[in-house]
Amino acid sequence: MRVGRAVSGVLAFVVLLGVVVGTVWEQQPHGYRGESVAQDVFSAERAFRVVREIAQRPHPVGTVEHDRVRDVLVGALRGLGLDTEIQDGVGRYPGSLRRDVVGMARVANIVARMPGTDSTGTVFLTAHYDSVASGPGANDDGVGVAAVLEAVRALRAGGSTLRNDVVVLLTDAEETGLLGAEAFVASGKDGRDNGVVVNHEARGAGGPVLLWRTTHPDGALVDAVEKVAPYPNTDSLTTTLAGAQTGSNTDFASFEPGGLRVLDWAYAGRSAYYHNIFDDPAHVDLATVQQMGDNSLALVKEFGGKDLRTKDDADRSFFQLPFGMLVVLPFWVIMALAAVTVLAVGWLSRHLRRAGETSLRKIFGSAATALVPAPLATGAVYGLWEVVKLIRPEYRPLFVDPYRPEFYYVSILVLSAAVLLAWYAIARRLFGATAAMAGLLCCLAVLGGILAIVAPATAHVLVVPTLGATVGVAATFAVPERWRLPVLTVFLIPAAVFLGSATWPALQTGITTAPFLVAPAVVLLGGLLLLTLTQAWPDRRGWAIPSTAFVVAVALAAAGLAVDRFDDQHPLTSQLVYALDADRNEALWLSRDSPDRWTRNFVGEGAPSRPFAQLWPTTTASGPATAAKLSPPTAEILSDTTESGQRTVHLRLRTTRAATSIALRYETAPTALRVAGRDLTPVPKTGFQFYAPAPDGIDVQLVAPAGPLSLQLVDYTWLPDSGIPSYRNPPGDIYFRQDSAGAVFVTIPGL
């Protein structure tokens, strides 16, 4: 394979690495508009005023601060001239959230309307305005709320008259289970059955704003994004994977079952600040705000002028190129490209054999091993992070990245590359340099063809760069020798672009996904870049290259451990529950996590005894606590009848200490359950938890087989607000997770 001399090959490889880095840099947010810009454009600085106003303190549902934030936003929307109201209701977990204990809440959604001139449907601009108890919610979801308000302000200032209705929907109780959005859909969607939702979310404190999930079919939605969104930051592989997982949910999960078409936008960089005490205005990246707002304003104008009665006809394959270019293709094009790639690789293999550069046996042998480094890299990266957590146990309970993750990110990339380079060194020795790379092309072509058949939305990530690489190699046989390496390098640019898009942004979404997303991408796409090193790889001491990469990866991980430390500005998350059994006047401290340097003052390893273990089944650590004088929740029996072997009980549940939620728990599920006017079907396995209960309580009706009923009531407050005499605040370098609580439980008597 005639691809150039040693030094030129290294230079070409470096150029392609520069393309990778440039692609990563270009996708990150850069710059923002100040308050002095024209009134009809989005300004991150203007939006930031809203963030400062609503993210002063934590404002979870059921608190006084929550009500203040709600009233501020209602006033702001009315000040923009929108017909605004608060829609009260009761929400429950959407059907996709299957839990033994179902979450419910009394919610207050904010709905503001801007009528269209000849409406064919509704454009919903949505975000949630509640926060978790552990942080002020400046990013999650203060930025989303602010982006919606600033987009509407700019729209009004420009004097735009849109064809379709625009509805601002600021949902309540998202953090407790997407409850406000579910209540909005269950109550009839404000009478609007035909609509497009532009949802705004955050799982961090910066980074690119990603379109990470869409409803299906997505054709018309993606076409609109391609047409007007300045920062699409998406591809169909990402949206396919996000749609298939349920580990991270947004209001999308409530809107989709209601028949609404949804674009789900979110950013996830600097995820250490997610649900953090420092999720405050000081940790908001205005460049990220600008990306979110520019996209929202462009999309509301686009959908506001379209005929929304035209439904999406099919899904699309799509991927991003630098400078905001989104390529959208029908599936048949991807399938055709996959077929062309397979044929091109077949022709190339035949040509190489006939030219005497290698044999088909060696090419097929290399192809058979080319996928091996992908799972090996996955295992290596997974193992690396497990070792890091073993050295730094404080990382174990984290569901986000460390505060300073950059050394770890680069370590993961280098370790994945080391596995790839080790395979390459072995393949060159076993099959020869030419067969090693031809085999890789064969492997990727076949794999891309399989994906094009079974999952065409994901196939572009292999088909496009593999086709480019194959054409580039074939072209080297048709140009003068001095042009061969430059021509090949040009055709490898798609692989470099895809590698940049598939690695660093994916790392920003979380180290825990890196073994399964980033490591395979480095191996498969990075392998194509090695084509430039066919003549540059040393014949002797080639093992020094992967060996050095392994050492560098370990050194980078060690640097990450040295640099990332917990302190007052980068606190450690901790989880603790105070549970009081009011029946026996007995209390325990509980935690779902192993004892850390703070909670070990309260708990030790070991699960609690019943009934604590029944109510907190995921507890792994417990310890004795002083029984505080906290009044338990109460249940008033309004009626109790038995007929035809079925017992019907009507209760009114109340918290007597202004708790923010109350739960009814049981060991044997009733046959029917109705809570605050809503039927829970299917009946949850072990109970429900109701947030923001009204002062006069919540009505519960349940039907069970005749006989005794064993029901327990539990109410919960945020641990620092629980009024427990033995409680003391943690040091400044520790903060409590949002599920830290003071709980009191009691058995309902008389049943």
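Me: What makes Thr23, Glu26, Gln27, Gln320, Leu321, Pro322 and Ser501 the lining of the second largest cavity?

Reply: A cavity is a set of points, on a 1 Å grid over the protein atoms alone, where a 1.4 Å probe fits but cannot get out, and lining residues have an atom within 4 Å of such a point. These seven names are the residues that line the second largest cavity, and therefore each has an atom within 4 Å of one of its points. The model is predicted: local features need pLDDT of at least 70, side-chain atom pairs count only at pLDDT 80 or more, and totals for chains, interfaces and linings use all residues. Residues are numbered from 1 along each chain as its sequence is written, and side-chain values use heavy atoms, without hydrogens and water.

Me: Which element gives the most to the lining of the second largest cavity?

Reply: Helix 1 does, with three residues. Helix 1 (6-27) and strand 8 (317-321) each supply at least two residues; helices (H or I, at least four residues) and strands (E, at least two) are DSSP runs numbered from the N terminus.

Me: How is the lining of the second largest cavity divided by class?

Reply: There are two nonpolar, four polar and one charged residues. Ala, Val, Leu, Ile, Met, Phe, Trp, Tyr, Cys and Pro count as nonpolar, Asp, Glu, Lys and Arg as charged, and the others, Gly among them, as polar.

Me: What volume does the largest cavity have?

Reply: Its volume is about 60 Å³, a volume being the space filled by probe spheres set on grid points that are joined across faces, edges and corners. Its lining divides into nine nonpolar, two polar and one charged residues. At least three of the lining residues come from each of domain 1 (1-25 + 330-563) and domain 3 (572-750), with bounds from an automatic or database domain assignment.

Me: Why is Ser644 called exposed?

Reply: Exposed means over 50% relative accessible area. Ser644 has 75% relative accessibility and therefore counts as exposed. Ser644 is found in the loop between strand 15 (634-643) and strand 16 (646-654), and has a positive phi of about 55° although it is not a glycine.

Me: Is Ala658 buried or exposed?

Reply: Ala658 has a relative accessible area of 66%, so it is exposed. Ala658 lies in the loop between strand 16 and strand 17 (661-666), and has a positive phi of about 55° although it is not a glycine.

Me: What is the form of the peptide bond from Arg610 to Pro611?

Reply: That bond is cis, with omega near 0°. Pro611 is placed in the loop between strand 13 (604-605) and helix 20 (612-615).

Terms used. 1 Å grid on protein atoms, 1.4 Å probe; cavity = no way out; pocket = protein on both sides within 12 Å on 5 of 7 lines; lining within 4 Å. Buried < 20%, exposed > 50% of the residue type's maximum accessible area, 1.4 Å probe, protein only.
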